[in-house]
Amino acid sequence: MMDFFPPSRLGFIGLGNMGRPMAARLVSAGYELQLFDKDASLSEAFVAAHGATGASSIATLARGAKVVITMLPDGKAVREITLGRDGLIENLSPGSVIIDMSSSDPVGTRELGAVLLRNKIALVDAPVSGGVARARDGSLSTMVGGDDAVISRVRPILETMAKHVFLTGPLGTGHAMKALNNLVSAGGLWIATEALLIGERFGLSSERIVDILNASTGRNNSTENKFKQHILSKSFASGFSLGLMAKDLRVAADLATATGQASPLTRLCAELWNEAEGKLGGSQDHTAIIKLLEGGATAGSARQSRGKAERGEKS
Ligand code: NAD
């Protein structure tokens, strides 16, 4: 059973901003890909640019595949294409492996893994960090949960897309770690945006603020890699949508609830990003949250006014 791993033929589902460059790395490394995206134009464009084969359905992709990679918006989409009619579970043979590289919810991942195991299909969660640029050059980080023996069989596939492969423990721990990473990342972006706008109002130049943060203790991934590139330039083109970031924060807040850990800032952060998604729209780039904070009308202002009213203070 071990001798055909990793197989030369892989199924790959989800050719969005991240799926395309990740699939392109696999093609360059010599894997034969069978592709599916519910938007057929994406697989047609990929096949024209990189080769590979477009599958007409999930069932066609799954038949004969030993490994299927999913890069979908969330765990709900992964469960739909796995458990739904003509889905992966009906069409994959025993001994197959599904690698879910989407940022899915860890509790749902554990439940899905248990269902798949009853059908002798293994699930590995291997979400990634690094964004589109690092997906292109194969230097993503991946945090991988699941059975160690299964992971070691698919590791060469993961190493084609990721420079750093971290084993996190049992199934679901990769997805948990990814949500926690994005919680820290989203909090850092939001607070740095507020600092930038406060500083500008006091008369500091925005470029200067970013330069000083980046040479000081306030620096974070957003100040280094997002502010000048996507926010000050107003390009808002990081390739990671506001809707997906808000989803990750809901996952992190749900994880806090599931573990019973007190985490007031986690909840506030999830609430702020959810409000931003509601006001700006989920398809905007996540770096566009500054548009909500510019002009003084902040997502948190309603909450602050409510708090003052409850304490009998004037706004
Ligand atoms: P995306 O929205 O650009 O792409 C998702 C793709 O999935 C789309 O092409 C869509 O048509 C397809 N899809 C959705 N439902 C489907 C279904 N039922 N069947 C088949 N195809 C379906 O998203 P993305 O930016 O590529 O992100 C994918 C995942 O990776 C998300 O979980 C996201 O949170 C995570 N992620 C994104 C980034 C980033 O920088 N964009 C970085 C790390 C992790």
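Ser-102 sits in the loop between strand β5 and helix α6 (106-118). Helices (H or I, at least four residues) and strands (E, at least two) are DSSP runs, numbered from the N terminus. The model is predicted, so local features need pLDDT of at least 70 and side-chain atom pairs count only at pLDDT 80 or more, while totals for chains, interfaces and linings use all residues. Residues are numbered from 1 along each chain as its sequence is written, and side-chain values use heavy atoms, with hydrogens and water left out.

Ser-102 is buried, with a relative accessible area of 1%. Buried means under 20% relative accessible area, exposed over 50%, and partly exposed in between (1.4 Å probe, protein chains only). A polar atom of the Ser-102 side chain lies 2.9 Å from the backbone nitrogen of Leu-72. A polar contact is a pair of N or O atoms within 3.5 Å; within protein, one must be able to donate a hydrogen and the other to accept it, and residues adjacent in sequence count only if both atoms are side-chain atoms.

Two strands pair if DSSP finds at least two bridges between them. Ile-99 stands opposite Val-124 in β6, and Asp-100 stands opposite Asp-125 in β6. Strand β4 (residues 67-70) is also joined to β5 by four bridges, and these strands run parallel. Here Val-67 has Val-97 of β5 as its bridge partner.

Both faces of β5 are covered. Val-97 and Ile-99 on one side, and Ile-98 and Asp-100 on the other, are all buried. Strand β6 (residues 122-125) is likewise covered on both faces. In β6 the buried residues are Ala-122 and Val-124 on one side and Leu-123 and Asp-125 on the other.

Val-154 is found in helix α8 (residues 148-161), and is buried at a relative accessible area of 0%. Val-154 and Val-67 are 87 residues apart along the chain, yet their C-alpha atoms are separated by 8.2 Å.

The ligand is the next stop. The shell around the ligand holds 23 residues, of which Asn-17, Met-18, Asp-37, Pro-73 and Gly-239 come nearest. A residue is near a molecule or strand if one of its heavy atoms lies within 4 Å of it. By class, the shell has eleven nonpolar, seven polar and five charged residues. In this count Ala, Val, Leu, Ile, Met, Phe, Trp, Tyr, Cys and Pro are nonpolar, Asp, Glu, Lys and Arg are charged, and the others, Gly among them, are polar.

Domain 1 (9-170) and domain 2 (176-310) each give at least three residues to the shell around the ligand; the domain bounds come from an automatic or database domain assignment. The largest share of the shell, three residues, comes from helix α13 (residues 242-259).

One lies 2.8 Å from a polar backbone atom of Met-18. An oxygen atom of the ligand is 2.6 Å from an N or O atom in the side chain of Asp-37, and an oxygen atom of the ligand is 2.9 Å from an N or O atom in the side chain of Lys-247. Taken alone the ligand exposes 830 Å², and the protein buries 88% of that. Accessible areas come from the Shrake-Rupley method with a 1.4 Å probe; for residues, only the protein chains shown count as cover.

Two loop residues have backbone angles to note. Most residues other than glycine have a negative phi. Lys-234, in the loop between α12 (227-232) and α13, has a positive phi of about 60° although it is not a glycine. Lys-234 counts as exposed, at 55% relative accessibility. Ala-52, in the loop between α2 (40-50) and β3 (53-54), has a positive phi near 80°. Ala-52 counts as partly exposed, at 29% relative accessibility.

Two further residues complete the walk. Ala-276 lies in helix α14 (residues 264-280) and counts as buried at 0% relative accessibility. Ala-276 and Lys-291 are 15 residues apart in sequence and 9.5 Å apart in space, C-alpha to C-alpha. Arg-219, in the loop between α10 (206-214) and α11 (221-225), counts as partly exposed at 45% relative accessibility. Arg-219 and Ala-192 are 27 residues apart in sequence and 8.6 Å apart in space, C-alpha to C-alpha.
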